[in-house]
Amino acid sequence: MERSEHADSALTVHAVRPGGLAALLGGLPAAQAAFLQAQGFSGAAGALVLLPGAAGLAGAVLGLGEDRSPFAFGGLPASLPAQHAWRFAAGDFDPDDAALGFLLGGYRYQRFKKTPRPLARLAEDVAGPRVQAIAAAIAFARDLINTPPNLLGPVELAAEAAALAGRFSASHETVAGAALAERFPALHAVGAGSARPPAAVVFNWSGSGAGTDSRLISLCGKGVCFDTGGYDLKPSAAMLRMKKDMGGAAILLGLAQVIMALDLPVRLAVRVGCVENSVSGHAMRPSDVLATRAGTTVEIGNTDAEGRLVLCDLLAEAAAEQPHWLIDAATLTGAARVALGPDLPALFCNDDEMAERILEAGLASHDPLWRLPLFDGYESWLDSPVADLNNVSAKPLAGAIVAALFLRRFVPAGTAWAHIDVYAWNDQARPGRPEGGEAQTLRALLRAVEQSG
């Protein structure tokens, strides 16, 4: 591919670790080396020095410390002069990680800013197609999560999912109205309290190298576009970030996008439940008993435990197709955050091999998860005197485990299934991770799917 004039005029970032500093100094022009030394540059992580040259700015030097993650490069778009394009000199780092970190750090949700902040950019030939596809998928998921809830309700989220399917010529359907109530009754009941009608989107795609017997990867995402808690109303402070309650759907739609963009040799099935959990005369009540697609009846112990009701119907239908892997993702419980904090999603899995692949992929891609147990001893906590099970436990403990056990009731034995409880948000800006929506586990799941054959 021919290099553009834009690429040829790009300035260079030298990324260096403390152990490689002497070699870098020896390779720079004497004046630049002296300038760098005068700044006291040591190669510490995040340190950045702009190098002077005859025409003004000649380049930059970035300290990496011992950080091997893409995020070591994530601060560059906001720190380098925005009027230039940039590329990397070869060094002790993975060039794809460098490009990805730069692109992730260059993301901002600025749709409503009159004067968007300019950010430095990569030269056009630095990021390869795979890196670009991953970065685009993460930006897509982040955009969905960051969109204000008045602009992204169930209908709009369903439209985004259908449009994604259409871009890759995937067969798809949007299920709504009476058809939704019949096919996904619990999901429909969750959305019944909102003036914005619920919907589900189902789409199927096959890679160009996939046959009828290729692995079927099935994804189910919780798409609660705003969660008031229903009649078990959340306190106002707990509602402030509830536009992100569709984060599981956003992450899995992003994962689907990159799987299709990379044309992986798999069959893909995606189900997204799009609802708003609101309060009205039509909303479900505590002590209601709901039907589910699986035929299991559920007593509502708490209307704020709605995500598992959205997912249970999707999982039941998806499992009937006997996928190789069945994966759901949801911003499901505060208990998972109490246990693991905001940056470490909880993984529940009924298949040890699948769990190990996902955990190893998370570590390798610097997108980690932590496995929590599907502890059978808590099964009885979901017992109900009037229905097959309750949607919550009366005990104020082990909330993430109990939620996972609820979902497991809708996955037949022998189906390899993973449930991921995510936060889907960055509480504060860090290099490569701007404040706002975050596509946690997307890169881990992509790598795991690629290596699952």
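**Close-up views of a predicted model**

View 1. Leu233 is placed in the loop that lies between S8 and helix H10 (236-239). The structure shown here and in the following views is a predicted model. With a relative accessible area of 52%, Leu233 counts as exposed, because the cut-off for that class is over 50%. Together with Tyr231 and Val279, Leu233 forms a nonpolar patch on the surface. The accessible area of Tyr231, Leu233 and Val279 together is about 270 Å².

View 2. Strand S12 comprises residues 325-330 and is mostly covered, with 6 of its 6 residues buried. Trp325, Ile327 and Ala329 point one way from S12, while Leu326, Asp328 and Ala330 point the other way. Residues pointing in either direction are buried, Asp328 included. Strand S8 (residues 216-227) runs parallel to S12 and is joined to it by 5 bridges. Here Ile217 stands opposite Trp325 of S12. S12 also pairs with strand S16 (residues 417-421), again in the parallel sense and over 5 bridges. In this pairing, Leu326 has Trp417 of S16 opposite. In general, strands of a sheet pair through backbone hydrogen bonds, in either a parallel or an antiparallel manner.

**View 3. Phe203 within the largest nonpolar core.** The largest nonpolar core holds 88 residues, of which Phe73, Phe203 and Leu253 touch the most other members. Leaving aside residues up to four places away in sequence, the contacts of Phe203 include Ala161, Leu164, Ala165 and Ala170. Phe203 also touches Leu253, Ala256 and Met260, as well as Leu268, Ala269 and Val270. Ser171 and His172 are likewise among the residues that Phe203 touches. Another core, of 47 residues, lies apart from the largest one; among its members are Val175, Leu180, Leu314 and Leu332. In soluble globular proteins, nonpolar side chains tend to be buried together.

**View 4. The open sheet S10-S11-S15.** This open sheet is formed by 3 strands in the order S10-S11-S15, and its pairing is mixed. Strand S10 (289-290) and strand S15 (389-390) are the edge strands, each pairing on one side only. Strand S11 (residues 298-299) and S15 run parallel and are joined by 2 bridges. Within this pair of strands, Val298 has Leu389 in S15 as its bridge partner.

Key:
Residues are numbered from 1 along each chain as its sequence is written. This is a predicted model: local features need pLDDT of at least 70, side-chain atom pairs count only at pLDDT 80 or more; totals for chains, interfaces and linings use all residues. Side-chain values use heavy atoms; hydrogens and water are left out. A nonpolar core is a set of buried Ala, Val, Leu, Ile, Met, Phe, Trp, Tyr and Cys residues joined through side-chain atoms within 4.5 Å. Buried means under 20% relative accessible area, exposed over 50%, partly exposed in between (1.4 Å probe, protein chains only). Contact means heavy atoms within 4.5 Å. Helices (H or I, at least four residues) and strands (E, at least two) are DSSP runs, numbered from the N terminus. Two strands pair if DSSP finds at least two bridges between them. Patches are made of residues with over 30% relative accessible area and no salt bridge: like charges are joined within 9 Å, nonpolar side chains (Val, Leu, Ile, Met, Phe, Trp, Tyr) within 5 Å. Accessible areas come from the Shrake-Rupley method with a 1.4 Å probe; for residues, only the protein chains shown count as cover. A salt bridge is a side-chain nitrogen of Lys or Arg within 4 Å of a carboxyl oxygen of Asp or Glu.
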